[in-house]
Amino acid sequence: HYVTMAAQFSRGCPYDCAFCCNKVILERTTFKTWSLKKIMHEVKKALDLGISNIFFWDDNFFQKKHRLLSFLEEIKKLDKKFTWFGNTRADYFNERYISVELLSELNRNGLTRVSIGAESGSQRMLDYMQKGIKVEHIFKAAEYCVKANIAPSFSFMTGLPNENTEDVDLTVKCIRKLCHILPLPKILGPALYLPLPGSKMFHDC
């Protein structure tokens, strides 16, 4: 019996992506989260209701490593086990933040999937979007997930202001490389870029 629930326990993001709605809505320009006690109270209620899988819909559930480690310790204490997944960033996958060892421990405690905004395979476009990641971070995230038995999804965009044919080709090559790295690749898009009034890239359209 497999019942999924979506939940959101934090809002906002401190990063500066020029396309994102978090830069348009003032209350979402900073990261705000429920207390761990309140989060675990809701998780326990969900498990008591028969929920077996939780999608943490937070903009970035893996924001703040100490919060993630504390959550991990709390779910270890639970009598009922569940699977879960959430959104994160490609540059978090390194030995200082989310190591293969930590990712494997998260997997042993229910983490099955992560969703990663890759956006583009062109470093020029990533820099233009102020994404704050390198193309190699995308591949490293995929490699870490394979080692830890995590199924990642990677989302991409196209139709961006100033994007040229070479940038699109690089995105296609990036997707093909991910399909080579991952046993069961899940690629979202490339979706058409949506210009949001108030975002930094809006006027470039």
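**Entry 1. Salt bridges**

I started with K77 and E74, whose side chains meet in a salt bridge at 3.1 Å, N to O. This is a predicted model, so I treat that distance as a computed value. K77 counts as exposed at 59% relative accessibility, while E74 counts as partly exposed at 24%.

I then looked at K76 and E73, which also form a salt bridge, with 3.2 Å from N to O. They sit 3 residues apart in helix α2, so about one helical turn separates them. Both ends are partly exposed: K76 has a relative accessibility of 32%, and E73 has a relative accessible area of 41%. I also noted a network of salt bridges that links E73, K76 and E105.

Next I checked K200, which forms a salt bridge with D16; the closest N and O atoms are 2.6 Å apart. K200 is in the segment after β8 and D16 is in the loop between β2 (10-11) and β3 (32-33), so this pair ties together parts that are 184 residues apart in sequence. K200 is partly exposed, with 45% relative accessible area, and D16 is partly exposed as well, with 32%.

How many salt bridges does a search of the whole structure find? I got 10. As a reminder to myself, side chains of opposite charge can pair when their charged atoms come close.

**Entry 2. Largest pocket**

I looked up the largest pocket and wrote down a volume of about 930 Å³. Its lining has 34 residues, and F19, C20, D59, E119 and S155 lie nearest the centre. The elements giving two or more residues to this lining are β5 (83-88), β6 (111-119), β7 (151-158) and β8 (186-192).

Which element gives the largest share of the lining? It is β6, with 5 residues. By class, the pocket lining divides into 18 nonpolar, 8 polar and 8 charged residues.

E119 lies in strand β6 and has a positive phi of about 75°, although it is not a glycine. Is E119 buried or exposed? It is buried, with a relative accessible area of 8%.

I found a positive phi at K64 too, about 70°, and K64 is not a glycine either. K64 is placed in the loop between β4 (53-56) and α2. At 37% relative accessibility, K64 counts as partly exposed.

I also looked at the peptide bond between G189 and P190, which is cis, with omega about 5°. P190 is in strand β8. I flagged these spots because most residues other than glycine have a negative phi, and most peptide bonds are trans.

**Entry 3. Largest cavity**

I searched the whole structure for cavities of 30 Å³ or more and found 1. The largest cavity holds about 40 Å³ of space. Which residues line the largest cavity? They are L36, I39, F61, R67, L68 and F71.

The elements that give two or more residues to this lining are α1 (36-48) and α2 (65-76). The largest share, 3 residues, comes from α2. By class, I recorded 5 nonpolar, no polar and 1 charged residues in the cavity lining.

**Entry 4. Helix α5**

I checked the length of helix α5, which covers residues 135-147. At 1.5 Å a residue, its 13 residues should span 18 Å, and the end C-alpha atoms are 19 Å apart, which agrees.

Which residues of α5 are buried? I listed V135, I138, F139, A141, A142, Y144 and C145. I then asked what the buried residues of α5 pack against. The partners are α3 (100-108), β6, α4 (123-128), β7 and α6 (165-181). Two of these names were already in my pocket notes: β6 and β7 each give two or more residues to the lining of the largest pocket.

Just after α5, N149 takes a positive phi of about 65°.

Key
Residues numbered from 1 in each chain as written. Predicted model: local features only at pLDDT ≥ 70, side-chain atom pairs only at ≥ 80, totals over all residues. Heavy atoms only, no water. 1 Å grid on protein atoms, 1.4 Å probe; cavity = no way out; pocket = protein on both sides within 12 Å on 5 of 7 lines; lining within 4 Å. Points joined across faces, edges and corners; volume = space filled by probe spheres on them. Helix = DSSP H or I, 4+ residues; strand = E, 2+ residues; numbered from the N terminus. Nonpolar A, V, L, I, M, F, W, Y, C, P; charged D, E, K, R; others polar. Expected span 1.5 Å × (residues − 1). Buried < 20%, exposed > 50% of the residue type's maximum accessible area, 1.4 Å probe, protein only. Contact = heavy atoms within 4.5 Å. Salt bridge = Lys/Arg side-chain N within 4 Å of Asp/Glu carboxyl O.
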